Amino acid sequence: MVQDVATVARYTIEEVAKHNGKIEKTHPGGRDMLEEVAGKDATTKFLDMGHSSDAKSHLKTLKIGEIVENQKKDKRKQNVESNNKPNRSFVSLVTCGLVG
Ligand code: HEM
């Protein structure tokens with residue numbers, strides 16, 4: 001894990017890839033959906049699915065960090081922080097793999 005100046009925990013894709021185990025948690029969209037992306041950057045899939053604000057709030061509680069900037073593939077900036085901080089890329093999907 002790499003700490004940057006903003007003290008946000010940053011994970012490389014290689015670190016995320018170590019957490020590709022089976023998910024023990026429940027998910028309204030099905031466990032398979034999460035297992036498919038465990039150990040990967042799931043940002044695009046999460047965003048494309050059009051999750052509700054409830055889902056985004058829940059995600060906020062699971063977030064442990066972000067993927068290092070130059071390894072982010074999805075350039076969309078999706079704010080899931082309640083305080084509307086600008087420029088916080090939505091990469092929290094690594095949490096799905098890391099908590100599993
Ligand atoms: C930690 C990350 C995730 C959280 C917290 C989460 C949470 C949720 C929640 C709360 C719902 C219920 C519907 C809603 O409120 O939007 C849902 C539905 C769903 N999610 Fe996720 N989700 C996550 C990741 C993903 C990913 C990565 C995928 C796709 C690969 C996915 C696919 C789906 C699908 C297909 C549904 C069902 C939609 C429907 O039946 O209308 N989710 N998710």
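## Overall fold

Along the sequence the protein follows the pattern β-β-α-α-α-α-β-α, made up of five helices and three strands, where helices (H or I, at least four residues) and strands (E, at least two) are DSSP runs numbered from the N terminus. This is a predicted model, in which local features need pLDDT of at least 70, side-chain atom pairs count only at pLDDT 80 or more, and totals for chains, interfaces and linings use all residues. Residues are numbered from 1 along each chain as its sequence is written.

Of the protein's 100 residues, 19% count as buried, a class that requires 20 or more other C-beta atoms within 10 Å of the residue's own, with 12 or fewer making a residue exposed, anything in between partly exposed, and C-beta atoms placed from the backbone.

## Around the ligand

The ligand has 21 residues around it, of which Pro28, Gly29, Lys45, Ser52 and Ala55 come nearest; a residue is near if its C-beta atom, placed from the backbone, lies within 6 Å. Helices H2 (31–37), H3 (43–48), H4 (53–62) and H5 (94–99) are the elements that give two or more residues to this shell, and H4 gives the most, with five.

## Arg31 and the annotated region

Arg31 lies in helix H2 and is partly exposed, because 14 other C-beta atoms lie within 10 Å. Between Arg31 and Asp48 there are 17 Å in space, C-alpha to C-alpha, and they are 17 residues apart in sequence.

Over residues 27–68 the chain is 55% helix and 5% strand, with the end C-alpha atoms 26 Å apart.
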